[in-house]
Amino acid sequence: PPPKSFTVSSAGCTFVNGIYKFAGIVTNDGYARRGVEISYVLQIPENEKEGGMKSLTLFRCTMRSQQKWWFLSEADEEQPGTDRDIDYYQHKSKEHEETEPPQRGWHTCRNAGVDPPPLLKGSGLMVPAGEEYNTLEHQLA
């Protein structure tokens, strides 16, 4: 199962830093639905000096070439995942990095991002409460 959240830190665009919560589809029994694009969202409070009222998204996008890229963006409300998004940071995935955002190796987008690029850390698992210890990840740990 994917992480419940990702903490983004050390980004030059300071308002991009924060805890992004799972925003994908969840089944009736509380698990993340498999086989669909996953995303995470950070709502920046209205009273924040920088980035106030923005909704930022951490998501994976499959490009026309079928290559998968991860983005930290302000997604366009009408057409998310298009060139109408404001992209701050991006990561071109290697095959083993396609299922969840990598911790390192992000690049600053020229149009809106500011160096340095961020570090990410996942936490928790998208499972029903109390089921965390019954996952394969926990059993192998």
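Is S10 buried, partly exposed or exposed? S10 is partly exposed, with a relative accessible area of 42%; here buried means under 20% relative accessible area, exposed over 50%, and partly exposed in between, using a 1.4 Å probe and protein chains only. The structure you are looking at is a predicted model, in which local features need pLDDT of at least 70 and side-chain atom pairs count only at pLDDT 80 or more, while totals for chains, interfaces and linings use all residues. Residues are numbered from 1 along each chain as its sequence is written, and side-chain values use heavy atoms, leaving out hydrogens and water.

- Most residues other than glycine have a negative phi, and most peptide bonds are trans.
- S10 has a positive phi, near 65°, although S10 is not a glycine.
- You can find S10 in the loop between β1 and β2; strands (E, at least two residues) and helices (H or I, at least four) are DSSP runs, numbered from the N terminus.
- Q66 also has a positive phi, near 75°, in a residue other than glycine.
- Q66 sits in the loop between β4 and β5, and Q66 counts as exposed at 56% relative accessibility.
- D115 and P116 are joined by a cis peptide bond, with omega about 0°.
- P116 belongs to the loop between β7 (107-108) and β8 (119-123).

**The nonpolar core**

- The largest nonpolar core has 22 residues, and V16, Y20, L56, L58, L72 and Y89 touch the most other members. Such a core is a set of buried Ala, Val, Leu, Ile, Met, Phe, Trp, Tyr and Cys residues joined through side-chain atoms within 4.5 Å.
- At least two residues of this core come from each of β1 (5-9), β2 (18-22), β3, β4, β5 and β6 (86-92).
- Not counting residues up to four places away in sequence, V16 touches V8, A11, L42, L56, L72, Y88 and Y89; contact means heavy atoms within 4.5 Å.

**A salt bridge**

- Side chains of opposite charge can pair when their charged atoms come close.
- One salt bridge turns up in a search of the whole structure, where the term means a side-chain nitrogen of Lys or Arg within 4 Å of a carboxyl oxygen of Asp or Glu.
- The side chains of E74 and K54 form a salt bridge, at 3.0 Å from N to O.
- E74 is in strand β5 (residues 68-74) and K54 is in the loop between β3 (39-43) and β4 (55-62), so the pair ties together parts that are 20 residues apart in sequence.
- K54 is partly exposed, with a relative accessible area of 24%.

**The largest pocket**

- The volume of the largest pocket is about 390 Å³. On a 1 Å grid over the protein atoms alone, a pocket is an open set of points where a 1.4 Å probe fits, with protein on both sides within 12 Å along at least five of seven lines. Grid points are joined across faces, edges and corners, and the volume is the space filled by probe spheres set on the points.
- This pocket is lined by 16 residues, and P1, P2, A32, R33 and R34 lie nearest its centre; a lining residue has an atom within 4 Å of a point.
- The lining of the largest pocket has nine nonpolar, two polar and five charged residues. Ala, Val, Leu, Ile, Met, Phe, Trp, Tyr, Cys and Pro count as nonpolar, Asp, Glu, Lys and Arg as charged, and the others, Gly among them, as polar.

- T57 is in strand β4 and is buried, with a relative accessible area of 12%.
- Leaving aside neighbours within four places in sequence, T57 is in contact with residues including Y20, Y40, F71 and L72.
- G113 lies in the loop between β7 and β8 and counts as buried at 16% relative accessibility.
- G113 and G18 are 95 residues apart in sequence and 16 Å apart in space, C-alpha to C-alpha.
- E100 is found in the loop between β6 and β7 and is partly exposed, with a relative accessible area of 34%.
- Beyond its neighbours within four places in sequence, E100 is in contact with P3, F6 and W70.
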